[in-house]
Amino acid sequence: MKTATVVCVFIVCFLIGDVHSECLDSMGNTKTDGMGTYLGEDGCNTCFCRGDFSVCTKMMCIPGHKRCMGSDGRIHSSGDSFKSADGCNTCGCRDGFIMCTERACLNGCLDSTSGTFHQVGESFPSSDGCNTCVCSTGNQISCTEMACLAG
């Protein structure tokens with residue numbers, strides 16, 4: 001049997017080692033050393049794998065309220081909604097499971113002023129005639145904000 005040590009820094013405690021011979025996430029998937037953080041078997045605490053041990057936070061968790069880890073590595077509580085990795089669809093966390101809408105997403109930006117569609121990375125003149133805009137990932141238009149001379 002492996003021994004476990006609890007190390008606390010301020011109000012966050014870490015369990016160094018546990019009784020498992022492998023690292024398992026909240027979905028029962030095996031994790032290996034160096035794979036980054038994941039939700040532990042309890043669906044609440046965040047862990048990482050070191051050797052054959054899960055090293056986890058030991059937060060007080062509400063029973064039955066499992067959390068979710070998004071594709072960006074952020075932890076979401078049950079009931080939270082957030083943008084999916086495509087920047088277009090919306091996801092929600094429900095008791096440890098992530099559910100997302102599956103809309104067809106445009107890979108570009110619609111300039112509402114001119115009605116023109118622009119590809120990601122494409123730059124185009126702003127409607128004020130002196131600034132420049134660019135279409136970014138996530139269908140976001142960003143423009144320079146220089147003062148323009150009245151002409």
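Q: How many salt bridges does the structure hold?

A: Side chains of opposite charge can pair when their charged atoms come close. A salt bridge here is a side-chain nitrogen of Lys or Arg within 4 Å of a carboxyl oxygen of Asp or Glu. The structure holds three salt bridges. This is a predicted model, in which local features need pLDDT of at least 70, side-chain atom pairs count only at pLDDT 80 or more, and totals for chains, interfaces and linings use all residues. Residues are numbered from 1 along each chain as its sequence is written, and side-chain values use heavy atoms, with hydrogens and water left out.

Q: Which salt bridge involves aspartate 33?

A: The side chain of aspartate 33 meets that of arginine 50 at 2.9 Å, N to O. The pair links distant parts of the chain, 17 residues apart: aspartate 33 lies in the loop between strand S4 (30-31) and strand S5 (38-39), and arginine 50 in strand S6 (residues 46-50). Strands (E, at least two residues) are DSSP runs, numbered from the N terminus.

Q: Is aspartate 25 buried or exposed?

A: Buried means under 20% relative accessible area, exposed over 50%, and partly exposed in between (1.4 Å probe, protein chains only). Aspartate 25 has 9% relative accessibility and so counts as buried. Its side chain forms a salt bridge with lysine 31 (3.7 Å, N to O).

Q: In what order do the strands of the open sheet run?

A: Strands of a sheet pair through backbone hydrogen bonds, either parallel or antiparallel. Two strands pair if DSSP finds at least two bridges between them. Here three strands form the sheet in the order S10-S11-S12, with antiparallel pairing.

Technical notes. Helices (H or I, at least four residues) and strands (E, at least two) are DSSP runs, numbered from the N terminus.
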